Amino acid sequence: MGLLQPEPGLLIWMSIAFLIVFILLAKFGFPVIVKALDERKEHIDSSLEAAARAQQKVENLQAEMDGIRADAERQKAEILRSAAETREKIISEARARAEEQGERIIAAAKANAETEREAILRDARHQVALLSIAISEKLLRSKLEDEKSQASLAERLLEEMDRDRMKESHREA
């Protein structure tokens, strides 16, 4: 026979050998293979579950991190707003103090100027009074050489002083 057509005896022995190998494999090999495949499937399933849990944890951590980031941004904005308010408050207080101090300095300068002006006026009045006395003295010496003119001047001055006192007493009443 040819190579392409096997003999019936060979076919029977090949079938018996195949059945023996198949039975041995079915009894001993396939359970081991199936067990290994099941273990591998369980390992893959547990790995997928672990990956899903890890993915969920990553998402939770990402959400928590976003919340923390948003909270940090709010705190940063609050701190910046507070710093700006504090800065404005300090600036306004400094301006108020500067204006207050400036007003005090101006008031003190005005008071000093008024005091100096009054001192100058007093000095000028004093000088005028001294000049008036000196002039009056020279005039009186020339006019009051005799006793009669001195007596009439003294009487006139007394009358003027009495009139001035009367005017002052009427003003007070």
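Predicted model: local features only at pLDDT ≥ 70, side-chain atom pairs only at ≥ 80, totals over all residues.
A residue counts as buried when its relative accessible area is under 20%, as exposed when it is over 50%, and as partly exposed in between.

Figure 1. Of the 173 residues in the chain, 2% are buried. The accessible surface amounts to about 16,000 Å². Carbon and sulfur atoms account for 63% of that surface.

**Figure 2. Overall dimensions and secondary structure.** The chain has two helices and zero strands. Along the principal axes, its C-alpha atoms fill a box of roughly 195 × 40 × 20 Å. The radius of gyration is 64 Å, whereas a compact globule of 173 residues would have one near 16 Å.

**Figure 3. Charged side chains.** There are 28 positive and 33 negative side chains in the chain.

**Figure 4. Residues 44-89, an annotated segment.** An unreviewed UniProt entry lists residues 44-89 as "coiled-coil region". In the model, this segment is 100% helix and 0% strand. The C-alpha atoms at the ends of the segment lie 65 Å apart.

Figure 5. Asp71 sits in helix H1, which covers residues 8-143. Its relative accessibility is 31%, so Asp71 counts as partly exposed: the value falls between the 20% and 50% cut-offs. Arg95 is 24 residues away from Asp71 in sequence. In space, the C-alpha atoms of Asp71 and Arg95 are 36 Å apart.

Methods. Residues numbered from 1 in each chain as written. Heavy atoms only, no water. Helix = DSSP H or I, 4+ residues; strand = E, 2+ residues; numbered from the N terminus. Rg over C-alpha atoms; globule rule 2.2 N^0.38 Å. Buried < 20%, exposed > 50% of the residue type's maximum accessible area, 1.4 Å probe, protein only. Areas by Shrake-Rupley, 256 points an atom, 1.4 Å probe, with all protein chains shown as cover. Lys, Arg positive; Asp, Glu negative; His and termini not counted. Charge placed at Lys NZ, Arg CZ, Asp CG, Glu CD. UniProt positions renumbered as here; feature names shortened; annotations may be inferred.
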